[in-house]
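I opened my notebook and went through this one piece by piece. Here is what I looked up.

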Amino acid sequence: MPHYRVITPKNTLSYAQRQKIALGVTDVHCGISAAPRNFVHTEFIELDEAGSIPDSRGRGVKSFDTKYYIHGRNRAGRTDDTIAQILNGLLEMFCDITGASSNDVSGDIIEGNASWTMEGGHILPEPGEEPTSWYEADKVIAS
C-alpha cells in the first residue's frame, strides 16, 4: 500500500540513484512504520518543468514549489508525529543520495482508509494489526 512518487526534472537521476532511492524509501517507511517491506512501492516521475503534475485521479493538479518532490499515500491510522518522521526521513535520504539541497526538496504524505485498499488480493488491515503471515515474504526477500 505505501506508494511514493518521486518527482524530478528529466534526466536528473541515474538508474543507480533510483535503485538507492527505492531501497531508501522502503528502509525509511518500514523502519518507522514496521509495514511489510514487500508492500512499499516507489514510482519515479520525470517532468519537463517543476511545479505541478496531474493528481493521481486526473481530476486536478498537485502543485509544489521545489525542484524535487516526494508524494506519499499510506494507510490511515498513524499519528501526525509518525507521518512527519517518515516524511522527514524520506527527504533526508533523498538529499543524501542525490546531493540535492534540502531547500530543493519537499513532499507530503496523504492517507486513505486501509479497508479501501487491497494488496495481494487481500483487504489491508489497519496499521499495527497485520497478521504475522504478512511478513513471510520479507523473510524471502532478506534471504
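**Strand pairing.** I started with β1 and β5, which pair in the antiparallel sense over 5 bridges. For the term, two strands pair if DSSP finds at least two bridges between them. I also picked out one bridge: Tyr4 has Gly72 in β5 as its partner. The names come from DSSP runs numbered from the N terminus, with helices being H or I of at least four residues and strands being E of at least two.

**Ground rules.** I'm working on a predicted model, where local features need pLDDT of at least 70 and side-chain atom pairs count only at pLDDT 80 or more, while totals for chains, interfaces and linings use all residues. Residues are numbered from 1 along each chain as its sequence is written, and side-chain values use heavy atoms, leaving out hydrogens and water.

**The whole sheet.** Next I wrote down the strand order: β2-β1-β5-β6, an open sheet of 4 strands with mixed pairing. At the edges sit β2 and β6 (105-112), each pairing on one side only. On average, neighbouring strands are turned by 15° against each other, direction ignored. Angles here run from 0 to 180 degrees between N-to-C directions, using axes that are lines fitted to C-alpha atoms (for helices, over the stretch in contact).

**Helices on the sheet.** I then checked what lies across the strands. Helix α1 lies across β1, β2 and β5, and runs at about 135° to β2. Helix α2 lies across β1, β5 and β6, at about 145° to β6.

**A closer look at α1.** How far apart are the end C-alpha atoms of α1? They are 27 Å apart, which agrees with the 27 Å that its 19 residues (15-33) should span at 1.5 Å a residue. The expected span is 1.5 Å times one less than the number of residues. I listed the buried residues of α1 too, among them Ile21, Val25, Val28 and Cys30. Buried means under 20% relative accessible area, exposed means over 50%, and partly exposed is in between (1.4 Å probe, protein chains only). Those buried residues of α1 pack against β1 (3-9), β2 (41-47), β5 (68-75) and α2 (80-98).

**Arg18.** This residue is in helix α1. Arg18 counts as partly exposed because its relative accessibility is 22%. Leaving aside residues up to four places away in sequence, Arg18 touches Leu13, Phe44 and Glu46, where contact means heavy atoms within 4.5 Å.

**Positive phi.** Most residues other than glycine have a negative phi. I noted Asn11, which is not a glycine but has a positive phi of about 60°. Asn11 is found in the loop between β1 and α1, and counts as exposed at 70% relative accessibility. Ala34, which follows α1, also has a positive phi, near 65°.

**Aromatic pairs.** How many aromatic pairs does a search of the whole structure find? I got 2. Rings of Phe, Tyr and Trp (its six-membered ring) pair if their centres lie within 6.5 Å; planes under 30 degrees apart are stacked, over 60 edge-to-face, and the rest tilted. Phe64 and Tyr69 are stacked, 4.8 Å centre to centre with 20° between the planes. Phe64 is buried at 9% relative accessibility, and Tyr69 is buried at 6%. The pair of Tyr68 and Phe94 is tilted, because the planes are at 55°, with ring centres 5.1 Å apart. This pair links distant parts of the chain, with Tyr68 in strand β5 and Phe94 in helix α2, 26 residues apart.
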